[in-house]
Amino acid sequence: MALQESGEMYLETIYVLSLKSSAVRAIDVSEEMGYSKPSVSRGLSLLKDEGLIKKDESGYIKLTEAGSILAKRIYERHTVLSRLFMDLGVDEKTATEDACRIEHYISDATFDAIKAHMLKYGSQKN
């Protein structure tokens, strides 16, 4: 399933918010991403149509199994790439911003090679 960058950003945001709280609402996503409520509503509707999220009777957003797998993969890309850039001497703000852009476009093969390299040679920071 080919998800656009914006859809991946929504999934990643929902995943990160769900790590902090089991109750994630559309307003939380809106505030975290800095998007208007109508934009978030539309984005979440598309994710629901794709079977990546569901809403319970109280309006709380949950990732489906497929959504969770995809969100975890996107978040892993973000964290691994951020760490790589910081290990290379890039400041944290720039590293995370660049990782956020790259995580949506890097191939699985390249990402897997980066991850293997980092596992083999370790991170400079614990």
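Leaving aside its neighbours within four places in sequence, with which residues is E32 in contact? The question is taken up below, after the model has been described.

The structure is a predicted model, in which local features need pLDDT of at least 70 and side-chain atom pairs count only at pLDDT 80 or more, while totals for chains, interfaces and linings use all residues. Residues are numbered from 1 along each chain as its sequence is written, and side-chain values use heavy atoms, with hydrogens and water left out. The average pLDDT (the predictor's confidence in each residue, from 0 to 100) is 92 for the protein, and 95% of the residues score at least 70. Confidence is highest in strand β2 (residues 61–63), at 96, and lowest in helix α6 (residues 108–121), at a mean of 92. Helices (H or I, at least four residues) and strands (E, at least two) are DSSP runs, numbered from the N terminus.

E32 is placed in helix α2. Contact being defined as heavy atoms within 4.5 Å, E32 is in contact with T13, L17 and K20, its neighbours within four places in sequence being left aside. E32 counts as partly exposed because its relative accessibility is 46%; buried means under 20% relative accessible area, exposed over 50%, and partly exposed in between (1.4 Å probe, protein chains only). Q4, in the segment before α1 (5–20), counts as exposed because its relative accessibility is 62%.

Helix α2 (residues 26–33) packs against helix α3 (residues 37–49) at an angle of about 115°, and their axes are 9 Å apart. Axes are lines fitted to C-alpha atoms, for helices over the stretch in contact, and angles run from 0 to 180 degrees between N-to-C directions. At this packing, A26, I27, V29 and S30 in α2 meet K37, V40 and L44 in α3.

Not counting residues up to four places away in sequence, I53 touches L11, I14, L44, L47, K48, I61, K62, L63 and T64.
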